[in-house]
Amino acid sequence: MPEDLKHIADDYRWGFRDEIEPELALKGLTPETVKKISEAKGEPAWMTEFRLKALETFFKLPMPKWGPDLSELEKKFDEFYYYVKPPSRGPVESWDEVPEEIKKTYERLGIPEAEQKVLAGVGAQYDSEVVYHKVKEELERLGVVFVSIEEGLKEHEELFKRYFAKIVPPTDNKFAALNSAVWSGGSFVYVPPGVEVEVPLQAYFRVNTAGFGQFERTLIIVDEGAKVHYIEGCTAPLYTTEALHTGVIEIYVHKNAHSRYTTIQNWPTNMYNLVTQRAVVEEGGYHMWLDGNLGSKVTMKYPSSILKGRGARSEVLSIAFAKTGQHLDTGAKLIHQAPDTSGRIVSKSISKGEGRASYRGLVKVSPRADRAKANVECDALLIDPESKTDTYPYMEIENETAQIGHEATVSRLADDQIFYLQTRGLPEDEAAALIVRGFLEPVTKELPLEFAVELNRLIELEMEGSVG
Amino acid sequence: MANRLEIQDLWVSHEGKTILKGVNLALPLGEVHALMGPNGAGKSTLGKVIAGDPNYRVEKGRILLDGEDITELAPDERARKGLFLAFQYPVEVPGVQVANFLRLALRERLGEEPRIAEFYARLKEAIELLDWDESVLSRYLNEGFSGGEKKKNEILQLLVLRPRYAILDETDSGLDIDALKVVARGVNSMRGPEFSALVITHYQRLLNYIVPDVVHVMMDGRVVKTGGPELALELERRGYDWLKEEVAGA
């Protein structure tokens, strides 16, 4: 629908580009490309091998057929750029060293100057190269590592090697294999035992080249009794060619550690967003996935928690907002492998216009997981008569002592609610936006304030002219 | 004609059925009128149509607010001009906190962001008047409220938004006598030269506490009789049948 696309394009206030010529751009998916990526990054031989093997795995694995339609994507793998190196000297330590054009980009994104904010550190990914990555001295003093994934490999190779691709191996799925072959950018985080990082670690990144695929890889290790909150917000400009984003996020939560991973993606609506996010939680540990999906053409993303140790806990809270032309297939997985583990999934989806939001979730309780508890709540809100939603809740319960709850609701934006709010002076659009925000409240109340504000603004934008 | 809410020869249909058949009614600013009548007379429909409910179709006639024809205006435009409808069945809006909702509504009412101090002063005063607890402010709008709490919440909104013209649609239904008194106290506190109310009720009971200046009686889609407060008492005593006969005979 050209009219609708135009609307999206007009509304997409971050849809701009910079005039920066890349130093190196690698198109097409071949062993040659993979070798060049590894070479450009100056990687050790084992990583080059790993990448090449992952590429073979990628070619061997079938396209997933159980979810959204990926047939268009399948024809286009050779049209994407798999590596783009922007003209910069690589990771820098201070704000002054960040190139002016890039600073300008951040300004237009409305990102306040990192130095002035109460952020622990800002890892900003520009194209596939991290150009700015700062860790506050305080964090360094605590021994917290918060660097680009490339630096993580260079500076902390042993630690890196111990965890990398152990939670999400290349054989996990076709897109994990793809990422493993061509990964570039992302964060490496290590929090030493007992260290509690009070302020969230934040990373911003965006895609900036037509036809360019983004393959960020993040590895977070939270050691015993440590605590961290990692935040990632993605925004990207709108392009006419298909784009691909395939990320892999691995998180290891050690005994009694506490971690949280928050992300909101607002990719342009021509983007395939296929991400594998997985956490392993050891005894007494806790992990929260907080996941917001607004943009993209197709998203497939099911943040998973493997509850490996006794008493491990996890919560997965997610939001999906699918507009016309979008199919967001999102959900969560809870894998209970030990006794007394507990988990909760809250999924809130909104479908507008001809948008389609699907919930796909798995709760698996292994025979060993006595007294496991899991609760799944998925609610769908339909804005228009042609909006679509579907739910695929999978349950594999192999232990009789497990307590599993599942609730699913589907509702429509109700005329009586809108009229009620209108009689209190709220214009129709605002009334609709308020109802949508209320619907999402159980999830958004967990968001950091600036994210919640941002999300509410986006929802208002989306609801403009949507009713009546 | 300024400073009054006026209904002129209003004909309204709903799903093809004519419900209002030429309603005439005038509510001058500063007065409280009661609108009574048997079930199905069209009282609630009139309230909703004045507020702009899109489910009803105005076939003929006009609604004038301070002399301005508002018949075609959206419900929110009417509200911003000072009109308020206390719903018979208030609607639940999950996830929207009462305080946040009231702040947004007050912003629309005032046409600017309310000063925080003033906003809280209004909230506090209203909550005290209603014998309520501030904890209601952080609850979600009407969600999980009892029937009585929902009605009270309508009056809370009335007190905070301070409209010029309020329509109370059977606010008394489902209330026990204590709740009724609290609601009446809220409405009475608004009375003055800058406030009018049209109190729609089935029973005389509420009118013991909110004493109207004028009583209108509706039957079969029209206002058939208008009188003083004594008319309500007469209806309470004699029922509606005598009036039906009187109308039929006229």
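Author: Happy to! Setting aside its neighbours within four places in sequence, Val189(A) is in contact with Val145(A), Phe146(A), Leu201(A), Ile220(A), Ile221(A), Val228(A) and Tyr230(A); contact here has C-beta atoms, placed from the backbone, within 7 Å. This is a predicted model, in which local features need pLDDT of at least 70 and side-chain atom pairs count only at pLDDT 80 or more, while totals for chains, interfaces and linings use all residues. Residues are numbered from 1 along each chain as its sequence is written, with chains lettered from A and ligands numbered from 1 in the order in which they are written.

Val189(A) belongs to the largest nonpolar core, of 192 residues, where it is listed with Val436(A), Phe84(B), Ile167(B) and Val199(B) as having the most contacts inside. Such a core joins buried Ala, Val, Leu, Ile, Met, Phe, Trp, Tyr and Cys residues through C-beta atoms within 7 Å. Buried means 20 or more other C-beta atoms within 10 Å of a residue's own, exposed 12 or fewer, and partly exposed in between, again with C-beta atoms placed from the backbone. Helix H11 (residues 428–444) of chain A gives this core its largest share, nine residues.

Across chain A, 54% of the 468 residues are buried. The chain has 12 helices and 24 strands, taken as DSSP runs numbered from the N terminus (helices H or I, at least four residues; strands E, at least two). Of the contacts in chain A with a separation of 6 or more, 83% link residues 24 or more positions apart.

How far to trust the picture? Mean pLDDT, the predictor's confidence in each residue from 0 to 100, is 83 for chain A, and 79% of its residues reach 70 or more. Over residues 108–133 of chain A, pLDDT stays under 50, though the model has 80 contacts there beyond four places in sequence. Residues 205–213 of chain A are also below 50, with 38 contacts beyond near neighbours in sequence.

Lastly, here is where the chains meet. The contact draws on 20 residues from chain A and 21 residues from chain B. On the chain B side, helix H2 (75–80), strand E7 (93–97), helix H3 (98–110) and helix H5 (147–161) each supply at least two residues. That side of chain B has 14 nonpolar, two polar and five charged residues, counting Ala, Val, Leu, Ile, Met, Phe, Trp, Tyr, Cys and Pro as nonpolar, Asp, Glu, Lys and Arg as charged, and the others, Gly among them, as polar.

Technical notes. Two residues are in contact if their C-beta atoms, placed from the backbone, lie within 7 Å.
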